[in-house]
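Please read the following note with the structure open beside you, and look for each residue as it comes up.

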Amino acid sequence: MKKSTKWTILGGGNGGQTTAGHLGIMGFDVTLYDIFEDTIQAIKKQGGVFLEDALTGFGKVSCATTNIEEALQDADIVLITVPATAHTLVAKACAKHLKDGQIIVLNPAATFGSLAFEKTLHDEGCTANVTLAETNTLLYGCRIIEAGRTQVFGLKNRILIAALPATETPRVVAALQTAFPQFEAADSILVTSFDNTNPILHPATTLLNAGTIESDREWHFYIDGFTPSIGRFVESMDEERLAIGRALGLELLSCRQQLEVEYDVYENSLAESVRNNSVYQDIKGQKTLDTRYLSEDIPMGLVPFVALGKLLQLPTARMEVIIEMAQLVLDRDLMTHARTLENLGIDDMTAEEFLQYVQTGQRS
């Protein structure tokens, strides 16, 4: 694909605005969609997005809109950069307006975002022949300064991407690499989903820093919050993720190894790696427990990890403790809309049938 390729970004948050600005700086035709009128009007007024710090410049946005039909009508590639908890709502909004040939990328997908999105499109009667894909994480560490201006702390060295089914991955990667050489093909969405380490890093660290969070003190999530003992617990939880991956035939990187690959950080423990990652230095800690680190990373991340673990009869004790503890602390149900096997539409599959499906798209 050439720079005549038209990109649409669905979601005007930190990642969406940064992605739109970056594509605009590179000279691509970009449309940005968001549900918040104030955000869209601010970007429309200045004609694009300013980026600061690790990326600097002004990226032109051809169209900024709150109209989903307008956002999708001419798009070749659609990057969905919204919280995973909104993927079902976005799929419902898109279902009637998607067109044959479009590439739809959940960027990022959390865990099995493409499965959740596909099921919703099917339930909504979408007939467009689109290609669904997902990434393991966002390319940027970034935060909005104000609407139309973001600070980019840094970029990762590589982003994994896979299509559903995996047979479509080479075509998707070729399209995305025209703008983002960091995108690398993964064997399947099993890799992108299990390579998602947010559910490992965020929920436990949040819950085990509850006192700090509610103390009203200024603090930094990774530097102050990721203590050696918390790091050891998180590494043990990461071992549960890696064991599930091995049972599915995946050779996953540990959280510590991911920091080596993505950020060139080489330390002897996860806690040291996290605390010595320059991109994490300025990321402040939250002031409330009611954040995406629990409300998104648990139902959209830890829950499907545990579900696959149970399907494979593997222990997930630490993950289950964090899921239960979060619900008790928040006094809220996180399971009803979580990515359980039933909610993903794969509860009738054996592990072998599921592996076949993500590779070929064929159900037994």
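**Notes on the predicted model**

1. Thr-131, Ala-133 and Thr-135 point one way from strand β8, while Leu-132 and Glu-134 point the other way, and all of them are buried; buried here means under 20% relative accessible area, with exposed over 50% and partly exposed in between, using a 1.4 Å probe and protein chains only. In a regular strand, side chains alternate between the two faces of the sheet. Because five of the five residues of β8 (residues 131-135) are buried, this strand is largely enclosed by the rest of the structure.

2. Before going further, please note that this is a predicted model, in which local features need pLDDT of at least 70 and side-chain atom pairs count only at pLDDT 80 or more, whereas totals for chains, interfaces and linings use all residues. Residues are numbered from 1 along each chain as its sequence is written, and side-chain values use heavy atoms, with hydrogens and water left out.

3. Helices (H or I, at least four residues) and strands (E, at least two) are DSSP runs numbered from the N terminus, and two strands pair if DSSP finds at least two bridges between them. Strand β7 (residues 103-106) runs parallel to β8 and is joined to it by four bridges, with Ala-133 in β8 as the bridge partner of Val-105. From β7 the chain passes through helix α5 (residues 113-123) to β8 in a right-handed β-α-β crossover, that is, with the strands pointing away from the viewer, the path from the first strand over the helix to the second runs clockwise.

4. Strand β11 (residues 159-164) is also joined to β8 by four bridges, but these two strands run antiparallel, and Leu-164 in β11 is the bridge partner of Leu-132.

5. Which residues touch the most other members of the largest nonpolar core? They are Phe-112, Leu-115, Phe-194, Ile-298 and Phe-354, in a core of 65 residues, where a nonpolar core is a set of buried Ala, Val, Leu, Ile, Met, Phe, Trp, Tyr and Cys residues joined through side-chain atoms within 4.5 Å. Helix α15 (residues 298-311) gives the most to this core, with seven residues. Apart from it lies another core, of 34 residues, among them Ile-9, Leu-51, Ile-77 and Phe-183.

6. In helix α1 (residues 14-25), 10 of the 12 residues are buried, so this helix is largely enclosed by the rest of the structure. Among the buried residues are Gly-15, Gly-16, His-22 and Leu-23, and just after α1, Gly-27 takes a positive phi of about 95°.
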